[in-house]
Amino acid sequence: MTQITIAMAKGRLAEQTMELMEALGIDVSPLKEKSRKLVFESGDGRFRYIMVKPSDVPTYVDHGVADVGIVGKDTLMEENRPLYEMLDLGFGKCRICVCGYAEQEPLKKAHIRVATKYTGIAGQVFATRGSSIEIIKLNGSVELGPVIGLSDVILDIVESGATLRANGLSVIEEICTCSARLVVNRVSLKTKETAIRPFIDGMRREVERRKEQGL
Ligand code: PRP
């Protein structure tokens, strides 16, 4: 039996990822146990799971130590690794936006300070603009940037908009929409095709079924 190793993103996507796999009859119960373990296996041994920081998912898959990864499009854009993006899983929908105090028109400034976790995406977005740009890397609570005066704007994901609202900020510009994606290592897709293809096909059918049912 060929075992598939799946790198899953901790945090906002984890629960829905497990739910989707359970709907396919895949055993993810070991992932739900409270433990400091880092590697888990399904009861039938068909799957091995690693639960890692979202930004590390593309790294594990690119290096081939995970065959498959489940992670947000935002992270894939930022990490920009040569992976096969096989499937839009339809959950974890959010928008990458430039946000700040819209009434202050911060994008009209000659020098714009941008706080973000996504320095790569921010670099691309602002590369062709007339202003001089300073990108400030933060690892979380990015909204603090404009609130506390560290930056003029942020580039971040907006899901419900609650964090922006709670901090008096708003969307100034929408860059793109994102959702969870299934990615595959390029070599694994060839060497483990008989195991990986049916897994992807099953995921695709379940995603389509959910879409049809408006779930
Ligand atoms: C993300 C993102 C925003 C927030 C957006 O942060 O960076 O801060 O969620 O979601 P909302 O529009 O539903 O409020 P996350 O919760 O992942 O934590 P972090 O700030 O530690 O990165």
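Predicted model: local features only at pLDDT ≥ 70, side-chain atom pairs only at ≥ 80, totals over all residues.
Trainee: What is the volume of the largest pocket?

Mentor: The volume of the largest pocket is about 760 Å³. Its lining has 36 residues, and those closest to the centre are Arg12, Asp74, Lys117, Tyr118 and Ile157.

Trainee: Which element gives the largest share of that lining?

Mentor: Helix 4 does, with five residues. Strand 4 (68-72), strand 9 and helix 7 (162-166) are also among the elements that each supply at least two.

Trainee: How many nonpolar, polar and charged residues are in the lining?

Mentor: The lining of the largest pocket has 12 of each class: nonpolar, polar and charged.

Trainee: Take isoleucine 157. Is this residue buried or exposed?

Mentor: Buried means under 20% relative accessible area. Isoleucine 157 has 14% relative accessibility, so this residue counts as buried. Isoleucine 157 is part of strand 9, which covers residues 153-158.

Trainee: Which residues is isoleucine 157 in contact with, leaving aside neighbours within four places in sequence?

Mentor: They are Arg12, Asp74, Cys94, Arg95, Ile96 and Tyr118. As for lysine 93, 64 residues apart from isoleucine 157 along the chain, the two C-alpha atoms are separated by 9.6 Å.

Trainee: And threonine 75, where does this residue lie?

Mentor: Threonine 75 lies in helix 4, residues 73-79. The same cut-off of 20% applies: with a relative accessible area of 8%, threonine 75 is buried.

Trainee: What does threonine 75 touch, not counting residues up to four places away in sequence?

Mentor: Threonine 75 touches Pro54, Ser55, Pro58 and Tyr118. Tyr118 is also on the contact list of isoleucine 157.

Key
Residues numbered from 1 in each chain as written. Heavy atoms only, no water. Helix = DSSP H or I, 4+ residues; strand = E, 2+ residues; numbered from the N terminus. Buried < 20%, exposed > 50% of the residue type's maximum accessible area, 1.4 Å probe, protein only. Contact = heavy atoms within 4.5 Å. 1 Å grid on protein atoms, 1.4 Å probe; cavity = no way out; pocket = protein on both sides within 12 Å on 5 of 7 lines; lining within 4 Å. Points joined across faces, edges and corners; volume = space filled by probe spheres on them. Nonpolar A, V, L, I, M, F, W, Y, C, P; charged D, E, K, R; others polar.
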